[in-house]
Amino acid sequence: MTAMSDAPEPAPGALIADSSEKSSAERDRRFMALAQCAADEARSAGEVPVGAVIVLGDEVIATGFNHPIRGHDPSAHAEMAALRAAAEKLQNYRLPGCELYVTLEPCLMCAGAIMHARIARVVFGATDPKTGACGSVVDMFANAQLNHHTTVTGGVLADECGHALKNFFAERRRLAREERDARRAREGGQRAADSSHPITTS
């Protein structure tokens with residue numbers, strides 16, 4: 001005899017909604033993975049590994065990575081680089097209908113530029129508890145007085161994006177310690193050499 005289940009079958013609409021949510025989540029992860037590739041370029045250049053891509057429909061129209069140190073430019077965040085590239089591509093300083101994927105929560109500067117560009121949606125990976133402008137420190141996009149409203153989705157591949165940043169800073173601290181220890185060793189060796197050759201006066 002076949003056992004009958006008392007659980008009601010899900011409504012067809014619920015199945016479609018669930019499938020749509022899964023598809024949307026997979027899409028977000030796919031584009032965030034591309035932003036992570038851009039972050040790897042920043043790391044290779046010795047910059048804090050943050051990367052961004054801008055998507056129109058299902059096409060990546062621009063990428064950007066963090067390079068303020070190399071570019072001697074405090075505005076050269078990943079989002080800003082991607083916005084400039086997308087505006088050049090579309091020949092328009094407004095980017096309506098575009099989505100921006102970035103591995104780290106945007107700061108105030110980038111949030112302002114995103115709103116000026118009329119980006120429809122921002123998707124970020126790791127939160128930034130020090131300068132995040134999507135709710136971690138302030139929430140620029142929740143301000144109803146602003147004339148443009150961008151939707152925000154956070155936490156996409158958050159662990160992977162966060163680990164990349166933590167590993168970068170841990171490595172930088174390790175190198176700084178090694179350099180400091182080597183400098184102290186050189187100074188100690190020099191002092192020892194000086195003490196073994198006392199200055200004599202005739």
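Helices (H or I, at least four residues) and strands (E, at least two) are DSSP runs, numbered from the N terminus. The structure is a predicted model, in which local features need pLDDT of at least 70 and side-chain atom pairs count only at pLDDT 80 or more, while totals for chains, interfaces and linings use all residues. Residues are numbered from 1 along each chain as its sequence is written, and side-chain values use heavy atoms, with hydrogens and water left out.

**Two residues with positive phi**

- Most residues other than glycine have a negative phi.
- Arg118, which sits in the loop between helix H4 (108-116) and strand S4 (121-126), has a positive phi near 65°.
- Arg118 counts as partly exposed because its relative accessibility is 22%, where buried means under 20% relative accessible area, exposed over 50%, and partly exposed in between (1.4 Å probe, protein chains only).
- His72, in the loop between helix H2 (68-71) and helix H3 (78-90), also has a positive phi, near 50°, and it counts as exposed because its relative accessibility is 73%.

**The lining of the largest pocket**

- A pocket is an open set of points on a 1 Å grid over the protein atoms alone, where a 1.4 Å probe fits and protein lies on both sides within 12 Å along at least five of seven lines; its lining residues have an atom within 4 Å of a point.
- The largest pocket is lined by 22 residues, and Val48, Leu104, Asp128, Leu165 and Phe169 are the ones nearest its centre.
- H3 and helix H5 (158-196) each supply at least two residues of this lining, and H5 gives the largest share, four residues.
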